[in-house]
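Dear colleague,

Please find below the structure that I am handing over to you. I would be grateful if you read the notes after it with the model open beside them.

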Amino acid sequence: MHGEKPKGHPGGHPGAGHGHGAFGKGGGPAVTDKSGGRKWLPKLIAWELTRSCNLDCIHCRAAARFGKYPNELTTEENMKFLEDVASFSSPIMIMTGGEPMLRDDIWDLAKHGTKLGLRMVMSPCGFLVTEETARKMIDSGIQRVSFSIDGATEESHDNFRRVRGAFASVMTAIENVKKVGLDFQVNTTVTKHNLADLPKILDLVISLGAKAHHPFLLVPTGRGADLKDQEIAPEDYEKALTWFYNMREKVPIQFKPTCAPHYYRIFRQQESAKGISVTPETHGLDAMSKGCMGGQSFAFVSNTGKVQICGFLETECGDIRKESFVKIWDTSKVFQQMRAWDDYNGRCGYCEFRKVCGGCRARAFAFTKDYMDEEPFCTYQPSEAAKKARDAKKAANE
Ligand SMILES: C[S@@+](CC[C@H](N)C(=O)[O-])C[C@H]1O[C@@H](n2cnc3c(N)ncnc32)[C@H](O)[C@@H]1O
Ligand code: SF4
Ligand code: SF4
């Protein structure tokens with residue numbers, strides 16, 4: 001599928017992230033331990049600063065459109081939220097949308113997060129990233145931006161984003177962040193329309209000088225729910241994820257499937273077939289990353305303050321206007337359920353790989369309306385022995 005590339009970083013990627021379009025290394029510097037002994041801490045928070053957007057993408061999980069959204073969090077509420085997050089953790093804060101740059105207070109919010117020691121990153125759409133705004137990103141402490149490229153050509157990308165000039169705007173935005181020396185990564189949502197073009201998209205991303213390329217698997221939610229005909233068959237996802245695995249050491253940048261939890265099962269199966277066990281010593285952060293991190297080390301806060309395990313599972317876990325984020329993080333029932341993977345339904349509940357994968361809770365929900373159900377895009381059949389072992393473990397804990 002793809003020509004040979006120079007070897008990347010054998011034995012792990014120094015800049016490997018924590019999933020979900022992860023933006024490089026972990027959170028801010030841990031100067032003092034403020035975790036209060038918590039086992040579960042956020043490492044990455046997607047912070048939807050506005051749902052308003054100048055694109056109209058066919059797959060958009062937020063079904064975002066341009067215009068004023070009522071009731072969005074105010075500057076003060078967002079500042080307070082940052083303080084709450086920083087009081088017990090140091091995650092990467094993804095300033096996202098919609099188009100986060102449509103907010104007037106964007107630089108003040110970024111600066112405030114930086115001052116609090118949080119690692120601030122941003123997911124703009126492209127049109128608003130001029131050389132001047134790229135400098136403002138640097139000045140406010142933003143450490144990396146992500147851009148989406150969903151097609152290898154202008155036509156294919158613009159058809160997906162449904163705005164003429166979208167592809168050109170991303171290319172200009174990339175030139176501008178490069179001029180000011182700001183790191184960027186590229187995200188690509190994988191559907192039938194671009195599956196065959198992935199090698200070309202990867203080549204493009206490398207030639208542009210990105211630090212990382214993160215292909216996202218489609219989650220059929222928001223406008224994405226109408227894309228049933230664009231969903232790739234589970235068997236083809238298996239092939240694509242195996243190709244990602246094979247490519248990861250051939251490319252000079254981090255190449256990491258996102259919201260494709262069973263990639264981590266395939267990763268281990270492939271390494272094990274070569275007689276290699278996956279440990280932090282041999283594989284760095286790749287060994288420590290988990291497939292789905294929603295509610296475990298990842299959270300999403302909506303434009304109106306609703307907390308979710310991620311942006312793709314629209315199940316409210318709390319509201320930062322009513323209680324603190326830290327309280328929601330510690331006590332939300334949904335978050336607790338995400339951390340108890342022995343209780344997941346179907347194959348994901350007893351699979352030998354559940355600790356490193358977990359299946360996509362949002363895709364399960366999109367298919368059956370139960371986020372505890374098994375990942376619909378996974379073809380793996382765990383063993384009966386694994387089922388018995390899980391049942392015995394649960395019985396012993398009762
Ligand atoms: C937080 S969004 C970034 C927001 C930004 N406005 C954009 O679209 O580039 C991160 C990635 O999720 C992707 N995404 C949005 N809806 C999706 C869906 N339903 N399934 C899978 N990926 C999706 C976006 O294309 C983007 O690459
Ligand atoms: S069955 Fe579930 S936990 Fe196991 S590999 Fe598939 S998606 Fe992951
Ligand atoms: S539920 Fe799915 S979309 Fe959400 S974080 Fe987990 S893998 Fe990603």
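The notes below describe what was found, beginning with the confidence of the model.

The structure is a predicted model. Its mean pLDDT is 91, and 92% of the residues reach 70 or more. Two stretches call for caution. Over residues 1-18 the pLDDT is below 50, and this stretch has 48 contacts in the model beyond near neighbours in sequence. Residues 25-30 also have a pLDDT below 50, with 16 contacts of that kind. Where pLDDT is low, the predicted coordinates should not be read in detail.

Leaving aside residues up to four places away in sequence, isoleucine 45 touches Val85, Pro91, Met93, Ile94, Ala299 and Val301.

Ligand 2 is surrounded by 16 residues, of which the closest are Cys348, Cys351, Cys357, Gly359 and Cys378. This shell divides into eight nonpolar, three polar and five charged residues. Around ligand 3 there are 14 residues, and Cys259, Cys292, Gly294, Cys310 and Cys360 are the closest. Here the division is eleven nonpolar, two polar and one charged.

Cysteine 259 also deserves attention for its backbone. Most residues other than glycine have a negative phi, and most peptide bonds are trans. Cysteine 259, however, has a positive phi of about 55°. It is found in the loop between strand S7 (254-255) and helix H9 (263-273). Because 25 other C-beta atoms lie within 10 Å, cysteine 259 counts as buried.

Lysine 369 likewise has a positive phi, near 70°. Lysine 369 has 8 C-beta neighbours inside 10 Å, so it counts as exposed.

Why is helix H15 (residues 361-368) described as largely enclosed by the rest of the structure? Six of its eight residues are buried. They are Arg361, Ala362, Arg363, Ala364, Phe365 and Ala366, and they pack against helix H13 (333-338).

Finally, a cis peptide bond joins glycine 97 and glycine 98, with omega about 10°. Glycine 98 lies in the loop between strand S2 (92-96) and helix H2 (106-115).

Yours sincerely

Methods. Residues are numbered from 1 along each chain as its sequence is written. Chains are lettered from A and ligands numbered from 1 in the order in which they are written. This is a predicted model: local features need pLDDT of at least 70, side-chain atom pairs count only at pLDDT 80 or more; totals for chains, interfaces and linings use all residues. A residue is near a molecule or strand if its C-beta atom, placed from the backbone, lies within 6 Å of it. Ala, Val, Leu, Ile, Met, Phe, Trp, Tyr, Cys and Pro count as nonpolar, Asp, Glu, Lys and Arg as charged, and the others, Gly among them, as polar. Two residues are in contact if their C-beta atoms, placed from the backbone, lie within 7 Å. pLDDT is the predictor's confidence in each residue, from 0 to 100. A residue is buried if 20 or more other C-beta atoms lie within 10 Å of its own, exposed if 12 or fewer, and partly exposed in between; C-beta atoms are placed from the backbone. Helices (H or I, at least four residues) and strands (E, at least two) are DSSP runs, numbered from the N terminus.
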